[in-house]
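Me: I want to go through the packing in this model before I set anything up. Can you take me through it piece by piece?

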Amino acid sequence: MFCFNGEKLQIEIFGSSHAEEIGVIMKGFPKEHIDRKKLDEFLQRRRPLYSFSTQRRETDEPIFSAFTNDVLSENVKVTIKNGDIKRGDYDNLYGKPRPSHADYAAYLKDGRLDFSGGGEFSGRMTAPLCTAGGIAKQLLENRGIYVGAYLSVVGKIYGKSYKNGEISLEEITANRDFPSLTNAQEMISEIEKAKEEGDSVGGVVECVVKGMKKGVGGALFDGLESEISQLLFAISGVKGVEFGKGFSIAEERGSQANDAIEIKNGKIHTKTNNSGGINGGISNGEDITLAVAFRPTPSIGIKQSTVDLVKMKNTEIVVSGRHDACFAVRAVPVVEAAVSIALLDKICADEE
């Protein structure tokens with residue numbers, strides 16, 4: 001069981017990649033109505049839809065308990081069955097950790113030698129995370145807050161960015177096909193080329209929060225950025241998170257980076273949004289903008305050096321099985337889910 005303990009919300013995720021089932025227990029959510037069809041549509045966005053995605057096919061149908069008339073209760077359990085399991089794909093990897101996977105780190109922690117499917121470290125565990133996050137996203141929308149994400153980078157192929165004013169919120173909202181809004185074909189070609197070569201490629205998912213309530217969050221450990229980042233780093237393959245201008249702001253002077261404040265039409269705004277809608281860990285009323293960097297999928301069909309932990313000698317492996325050539329593609333709704341959970345937790349605490 002893996003737990004997120006927020007100020008108001010508690011989320012417990014259970015199971016593993018090749019377990020009979022995975023799922024989530026949600027506590028502290030507002031007792032409000034949930035649109036099941038809308039939740040199912042959200043979960044479908046995480047499923048593998050392309051030739052370069054994993055060929056593992058799961059229905060991802062959530063089975064609810066303590067959920068009367070589609071209204072959340074104080075304690076809701078959701079179970080998702082694992083059906084398309086192929087343990088044999090990993091028989092040749094026993095005791096041989098895959099480079100840059102969690103295999104060797106897991107061995108150091110508990111001595112495990114069976115690395116089949118990635119276990120609890122697998123991207124499969126984002127299905128229950130998306131269930132809780134999809135519900136949180138709906139509850140935010142009930143409060144006039146929209147969370148949307150899109151794929152902005154694949155390898156060295158760049159698309160346009162919302163935070164740079166190059167695309168609109170309407171484009172993000174309407175996008176339900178390939179999750180990049182621009183340069184989609186170039187990105188697809190980059191992924192397909194990597195797959196043909198037995199390789200993989202990384203990517204960046206950008207996210208925007210529109211309509212965020214002002215004054216939510218706090219200093220130090222209570223900051224919005226802190227909680228959002230904690231949940232984002234629970235997603236497999238995340239190696240970097242930035243808000244607003246992020247790392248590039250380090251290249252600027254204060255006179256360039258600062259967001260000047262003004263009164264416009266009787267309301268206080270910032271003239272720019274380099275800070276990404278958050279100052280001192282507290283929302284300032286501007287759009288929250290952030291970006292999440294995903295590493296290339298470690299499971300690749302190219303020979304790699306590793307060790308045999310049973311025989312304690314150097315060896316080489318080729319990873320077979322079913323893997324995404326770019327898991328950033330399917331991570332777009334997962335980013336929305338993680339951000340939604342963090343924001344709902346802070347807002348529920350603020351509503352007390």
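**Helix packing, cores and loops**

Reply: Leu 224, Glu 227, Ile 228, Leu 231 and Leu 232 in H6 meet Val 335, Ala 338, Val 339, Ile 341, Ala 342, Leu 343, Asp 345 and Lys 346 in H8. Contact means heavy atoms within 4.5 Å, and helices (H or I, at least four residues) and strands (E, at least two) are DSSP runs, numbered from the N terminus.

Me: By class, what is in the contact of H6 with H8?

Reply: There are 10 nonpolar, no polar and 3 charged residues in the contact of H6 with H8. Ala, Val, Leu, Ile, Met, Phe, Trp, Tyr, Cys and Pro count as nonpolar, Asp, Glu, Lys and Arg as charged, and the others, Gly among them, as polar.

Me: ok, and what kind of model is it, with what conventions?

Reply: This is a predicted model, where local features need pLDDT of at least 70 and side-chain atom pairs count only at pLDDT 80 or more, while totals for chains, interfaces and linings use all residues. Residues are numbered from 1 along each chain as its sequence is written, and side-chain values use heavy atoms, with hydrogens and water left out.

Me: At what angle do H6 and H8 pack?

Reply: The angle is about 140°, and the axes of H6 and H8 are 9 Å apart. Axes are lines fitted to C-alpha atoms, for helices over the stretch in contact, and angles run from 0 to 180 degrees between N-to-C directions. H6 and H8 are therefore oblique to each other; angles under 35 degrees count as roughly parallel, over 145 as roughly antiparallel, 65 to 115 as roughly perpendicular and the rest as oblique.

Me: Is the crossing of H6 and H8 left-handed or right-handed?

Reply: H6 and H8 cross in a right-handed way. A crossing is left-handed if the near helix is turned anticlockwise from the far one by less than a right angle, and right-handed if clockwise.

Me: Which residues of H6 are buried?

Reply: In helix H6 (residues 224-232) the buried ones are Leu 224, Glu 227, Ile 228, Ser 229, Leu 231 and Leu 232. Buried means under 20% relative accessible area, exposed over 50%, partly exposed in between (1.4 Å probe, protein chains only). Their cover includes H8 and the strands S1 (2-5), S9 (238-243), S12 (278-279), S13 (282-283) and S14 (288-294).

Me: How many residues are in the largest nonpolar core?

Reply: It has 74 residues, and those with the most contacts inside it are Phe 29, Leu 232, Phe 294, Val 335, Val 339 and Leu 343. Helix H8 (residues 332-351) gives the most to this core, with 12 residues. A nonpolar core is a set of buried Ala, Val, Leu, Ile, Met, Phe, Trp, Tyr and Cys residues joined through side-chain atoms within 4.5 Å. Another core, of 7 residues, lies apart from it, with Tyr 162, Leu 169, Ile 172 and Val 208 among them.

Me: What does Phe 294 touch?

Reply: Not counting residues up to four places away in sequence, Phe 294 touches Gly 202, Gly 203, Val 205, Ile 235, Ser 236, Gly 237, Val 238, Phe 327, Ala 328, Ala 331 and Val 335.

Me: Back to helix pairs. How do H1 and H3 pack?

Reply: Helix H1 (residues 36-44) and helix H3 (residues 126-141) pack at about 130°, with their axes 9 Å apart. That makes H1 oblique to H3. Their crossing is right-handed. H1 contributes Lys 38, Leu 39, Phe 42 and Leu 43 to the contact, and the residues from H3 include Ala 127, Cys 130 and Ile 135. By class, this contact has 6 nonpolar, 4 polar and 3 charged residues.

Me: Where is Gln 304, then?

Reply: Gln 304 is in strand S15 (residues 304-308). Gln 304 counts as buried because its relative accessibility is 14%. Its contacts include Pro 99, Pro 298 and Thr 315.

Me: And the loops. What is the phi of Asn 265?

Reply: Asn 265 has phi near 55°, a positive value in a residue other than glycine. Asn 265 sits in the loop between strand S10 (261-264) and strand S11 (267-270), and at 76% relative accessibility counts as exposed. Met 312 also is not a glycine and has a positive phi of about 55°. The loop holding Met 312 runs between S15 and strand S16 (313-317), and Met 312 is exposed, with a relative accessible area of 61%.
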